[in-house]
Amino acid sequence: MTSKVYFTNMRTKPGNNMLDKLERVIEKAGIGDLDLKDKMVALKIHFGEPGNLAYIRPNYAALIVDKIKKLGGKPFLTDCNTLYYGRRSNAVDHLEAAMENGFNRIAVGCDVIIADGLTGTDAKEIVINQKHVERAKIGTVIADADVLISITHFKGHEQTGFGGALKNIGMGCGSRKGKLEMHSASKPKMDQEKCVSCGICIKNCPEKAITYNEKRQAQIDYEKCIGCGQCVASCHYGAARAVYDQAIDILNEKIAEYTLAVLKGKQHFHISFMMNISPDCDCWDVNDQAIVPDVGIAASSDPVALDRACVDLVNAAPEIKGSIIGDKGKLREGEDKFVHVHPDVHWKDGLNHAEEIKVGTQEYQLITVK
């Protein structure tokens, strides 16, 4: 089957600005077909790591929030805490980062809720019994929501080639324990130079696998460790760390499986913004120059078709001189821009697996909305 992807470009004129075009494209894509009356609607978005300015403008989120309210829904913006140590690794700092970047009730018209709790341990297990993942660990707030709407900044990514709807949903909705499962089959390690002997990891380890060594630094007994990631989730100093040794193709397949878990039994809808298309993830506190000019906004009920359409649209756009593409040399005609930037990553692995497990299809019809 072929899925429909609705697209609008960046051209505007008086009486038809980008907010008008966003409203029109999501209406054409069928947001009004969702049953939102009195439903809890999770708007999954990346709030941007402070210092990075490529994230989606809150103005766009505000229009989507208003549309959902008019359709009778109860919207809230949400994301899960990060696995790495940064400004979004716990709910307190995460909420401050969101506020700092303009995601607050005054600006967007709804509240922000961190889906996996204070330290990333609040999750529900969704049974999917797939190739890599049997029980996905999804942030409780997202798991409990009636409807999932993804709002994605489409850009490059170091581990997935590009960051699109699947990355936003699958990795983004995983709790910190879920993110650990996706990123690594190995168990966490301790960077003892960063250990401050606070004892939080020892207190939170369910298997009593962490103790102090003779220098009063935390150490892990791997015969007892079950790889649950509680130490990574609870460490405030970056001493307990995940081991990123999982093959990239397996990581992308796991993200597809987590996407399946998030969407299981839910109404869902997806919007991607091809603007400020930086070569790397918004998780960094900087954003490099965009690799192509702004392309536009696309929406679909099929996240796989949406991702495929977006990558095709970006690949069809001209590269920006002076960007990392220009720094690496001129692209060959027809060369994939994301593979050029991240040559060891093959983004098709994730889309192919998502298609195999019936998250969606890569076959799409692109419908232009003016």
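**Loops and helices**

Mentor: N276 has a relative accessible area of 37%, so N276 is partly exposed (buried is under 20%, exposed over 50%, partly exposed in between, with a 1.4 Å probe and protein chains only). This is a predicted model, where local features need pLDDT of at least 70, side-chain atom pairs count only at pLDDT 80 or more, and totals for chains, interfaces and linings use all residues. Residues are numbered from 1 along each chain as its sequence is written, and side-chain values use heavy atoms, leaving out hydrogens and water.

Trainee: What is the phi of N276 near?
Mentor: N276 sits in the loop between strand 14 (267-274) and strand 15 (296-300); helices (H or I, at least four residues) and strands (E, at least two) are DSSP runs, numbered from the N terminus. Most residues other than glycine have a negative phi. N276 isn't a glycine, yet its phi is positive, near 45°.

Trainee: Is K358 buried or exposed?
Mentor: You'll find K358 in the loop between helix 14 (348-356) and strand 16 (364-368). K358 also has a positive phi, about 70°, without being a glycine. Its relative accessibility is 71%, so K358 counts as exposed.

Trainee: How many of the 16 residues of helix 10 are buried?
Mentor: Helix 10 covers residues 248-263. Among its buried residues are L251, I255 and V262. Helix 10 is largely enclosed by the rest of the structure, because the buried count is twelve.

Technical notes. Expected span 1.5 Å × (residues − 1).
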